[in-house]
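Hello,

I am passing on the structure below and would like you to look through it.

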Amino acid sequence: MASLNSVTTWDEVVDVLICGFGCAGASAAIEARDTDANARILIVEKAPQEFAGGNCRVSGQSLLISKNKEALKDYQRKMSEANPVSEELLDDWAERMVNLEPWIQQIAAGAGQEFLRGTGFSERDAVLEFPELGARDAVAYTSTILPIPSGVWMALKANVEKRDVPVWFDTRLVDLIQDPDTLEVFGAWVEQNGVRKAIRAERGVIVAVGGYESSPQMQRDYYGLSNVVPLGTPYNTGDGLRVMQKAGADMWHLRNQGQSGGVWPGIRLPHQQTSYLRNFMLPAFSWFDIDSQGRRFYNEANELQLTHYKEKKNGRFVDVPLNTAHPVHMIFDESTRLAGKLVLEVMTWSAVVIAEEWSEDNSKEIANGLIHKADTIAELAAKIGIDAAVLEEEVARYNASCAAGNDEVHGRNPETLLPVANGPFYALPITPAIVCTGGGARRNMDGQVFGHDDQPIPRLYEAGELGSFISDLYQNGSYLTEAMITGRGAARTVLALAPSSLPGQA
C-alpha cells in the first residue's frame with residue numbers, strides 16, 4: 001500500500017474511483033450514475049482508448065439466464081465441489097442472477113441494440129457445460145446482445161457514454177492510498193502517460209482491472225503454466241493482484257482448475273501477443289493433434305469447447321493437457337486445408353481487435369511458414385522435429401481407427417473419424433491458450449474485499465474477473481454476469497457510505 005504520507009497534493013478528487021473499463025467497471029459506472037446522479041465518478045483504464053474493453057470486448061458475449069434459484073445454486077455448488085464457496089455467498093449470487101435479465105435488457109435498449117435469446121453465433125439456445133451436474137434445470141437459456149462479436153461490450157460502453165462518466169485512458173492503477181493502521185482506502189496512485197497522479201476517492205475505490213493471464217511470469221508462478229498465451233486482452237498483467245496483496249487482502253482462487261476458463265487450442269502468429277482460437281466449427285475432420293513426441297494425447301475433436309476444454313479423468317473434469325504436451329501440432333491433410341479458415345474470427349483479441357486477415361483456404365499461412373507443408377508424412381515429421389517412424393505409425397493408427405469407426409484409445413466421436421490421407425500433408429503449431437484468470441481478493445457480491453482478519457477493508461471494492469467467486473468448474477455465461485452483479489453491487493455499496501475524512505481533519 002501507499003501511505004497517506006506519500007500524498008502532498010491530490011490531483012483529482014471524486015466520490016467513486018473505478019479502476020478498469022471492462023464489463024465490471026462499466027457496470028459499476030452505470031449503476032453509480034443511476035444511484036446518484038450527482039456523484040463524482042471517474043474511470044481509469046490502462047489501455048489506450050482504441051484497445052479498451054478488456055476481455056468483455058472479445059469474449060463469447062454469452063450471458064447466463066436462470067429462472068430457478070435453487071437449481072442454479074445446486075448446479076454451482078456441484079461445480080465448486082473441489083473448492084467450495086460459502087452457502088451465504090452462493091445464495092446471494094443466485095438471487096441476483098435470477099433477477100438480472102431485466103437489467104441486461106435495459107442496457108441493450110439503452111444502447112439501441114438487440115437482446116437475443118441464444119449465443120448469436122450458433123443455433124444453440126443454451127450452452128450446457130455440465131449436464132450431469134444439473135445444467136438443464138439451472139440454465140433457462142444463454143443470451144447475448146447483438147451485434148456479434150462485441151455486442152455486450154458495445155452496449156455497456158454506450159450506456160456509460162450516455163451517462164457522461166469520464167474515462168481516463170492510458171492510465172494504470174499503481175497503488176492504493178491507505179491508512180497504514182486501519183487499512184482504510186482514501187484513494188489511489190495512478191500513472192497517466194508516464195506521470196504519477198494521486199486521486200482522492202471520498203467514498204471508495206472499485207478495482208476491476210482483470211486478472212493475470214497476460215503475465216507469463218505470474219502464469220508460471222501462480223499456476224505452473226509455462227507456454228500459455230492469452231486469448232483476451234494483453235493488458236491484463238496482474239496489476240490488481242499486486243495491489244490487493246499490498247493492501248492486505250485475503251487472496252483466493254489463484255489456482256483454480258484451469259483457472260475455470262480452461263486451456264484451449266490456440267493459434268498464434270509469431271508477431272502477436274495474443275492467440276486465435278482454432279476453429280471448432282470447421283466442417284472437416286481429417287486431422288488430429290500430436291504432442292512433443294509425435295503421439296496423440298486426447299480426444300481432440302469431441303466438442304470440448306462445450307466444457308471449456310475439460311475432459312473427465314478419474315471421475316472429475318480436468319484441463320486437457322495442452323500445456324504439458326507442448327509443443328503440440330495439428331496434423332491435417334488437403335481436405336481439411338480446403339474446408340475453411342483454421343481460426344475462428346470471433347471470441348479472441350487477435351480476431352476481433354487486431355483482426356489481421358487470415359486466408360480463406362489457409363494458403364497465406366502456408367506461404368509465410370506458419371503452416372508446414374510436405375508431400376509425405378515422413379517429410380512433414382522432419383520439418384517439425386518429430387521422429388518420422390513415430391509420426392507415420394501414429395497416422396497409420398489413427399487412419400485404422402477411422403476405418404474401424406472406433407477410436408479405442410481416446411474415444412473420439414465416430415462421426416469425426418476421417419482419415420488423414422489426402423496429400424499433401426500439413427502441420428500447424430498449436431499454442432495452449434488461456435481465456436482468463438479468476439484469482440484475486442476474497443470478496444462478496446457487493447464487492448467488499450476481506451482482509452486476513454475476515455473483516456472488510458474499509459472503502460475497498462473489487463469486481464469482475466479479478467477475485468471471481470467461480471472456484472473450480474465454469475458454466476458458460478457466468479463470468480460476464482458475475483461482473484455485472486459485482487460491479488453494480490460495489491457501486492451501490494460505495495455510494496451508501498458518507499464521504500470519508502482524512503486523518504487530522506475535523
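A definition first: helices (H or I, at least four residues) and strands (E, at least two) are DSSP runs, numbered from the N terminus. By that numbering, Pro147 is found in the loop between β6 (141-145) and α6. Please keep in mind that this is a predicted model.

The peptide bond from Leu146 to Pro147 is cis, and its omega is near 10 degrees. A cis bond also runs from Ile148 to Pro149, with omega near 20 degrees. Pro149, like Pro147, is located in the loop between β6 and α6.

The cavity

Ile148 and Pro149 turn up again in the lining of the largest cavity. The space in the largest cavity is about 30 Å³, and the count comes to 1 cavity of 30 Å³ or more.

The second largest pocket

The second largest pocket holds about 340 Å³ of space. Its lining consists of 19 residues. Those nearest the centre of the pocket are Phe280, Phe285, Ala301, Asn302 and Glu303. Sorted by class, the lining has 10 nonpolar, 5 polar and 4 charged residues.

Helix α4 and its contacts

Helix α4 (residues 101-110) packs on helix α6 (residues 151-162) at an angle of about 70 degrees, and their axes are 8 Å apart. Angles of 65 to 115 degrees count as roughly perpendicular, so α4 is roughly perpendicular to α6. From α4, the contact uses Trp103, Ile107 and Gly110. These meet Ala155, Leu156, Asn159 and Lys162 in α6. The contact of α4 with α6 is made up of 4 nonpolar, 2 polar and 1 charged residues.

Helix α1 (residues 23-35) also crosses α4, at roughly 90 degrees, and the axes come within 13 Å. The two helices, α1 and α4, are therefore roughly perpendicular to each other. Ser27, Ile30, Glu31 and Asp34 of α1 make this contact with Trp103, Gln106 and Ile107 of α4. By class it divides into 3 nonpolar, 2 polar and 2 charged residues.

Helices α2 and α3

How do α2 and α3 pack? Helix α2 (residues 69-79) meets helix α3 (residues 87-97) at an angle of about 130 degrees, with 9 Å between their axes. That angle makes α2 oblique to α3. The crossing of this pair is right-handed. On the α2 side the residues in contact are Lys69, Leu72, Lys73, Gln76 and Arg77. On the α3 side they are Glu87, Leu90, Asp91, Trp93, Ala94, Glu95 and Met97. Which classes do these residues fall into? The contact of α2 with α3 has 6 charged, 5 nonpolar and 1 polar residues.

A positive phi

One backbone angle remains to be listed. Asn314 has phi near 55 degrees, a positive value in a residue other than glycine. Asn314 lies in the loop between β16 (310-313) and β17 (316-319).

If you have time for one place in the model, I would start with the loop between β6 and α6, where Pro147 and Pro149 are found.

Regards

Definitions and conventions. Residues are numbered from 1 along each chain as its sequence is written. This is a predicted model: local features need pLDDT of at least 70, side-chain atom pairs count only at pLDDT 80 or more; totals for chains, interfaces and linings use all residues. Side-chain values use heavy atoms; hydrogens and water are left out. On a 1 Å grid over the protein atoms alone, a cavity is a set of points where a 1.4 Å probe fits but cannot get out, and a pocket is an open set with protein on both sides within 12 Å along at least five of seven lines; lining residues have an atom within 4 Å of a point. Grid points are joined across faces, edges and corners, and a volume is the space filled by probe spheres set on the points. Ala, Val, Leu, Ile, Met, Phe, Trp, Tyr, Cys and Pro count as nonpolar, Asp, Glu, Lys and Arg as charged, and the others, Gly among them, as polar. Axes are lines fitted to C-alpha atoms, for helices over the stretch in contact, and angles run from 0 to 180 degrees between N-to-C directions. Angles under 35 degrees count as roughly parallel, over 145 as roughly antiparallel, 65 to 115 as roughly perpendicular and the rest as oblique. A crossing is left-handed if the near helix is turned anticlockwise from the far one by less than a right angle, and right-handed if clockwise. Contact means heavy atoms within 4.5 Å.
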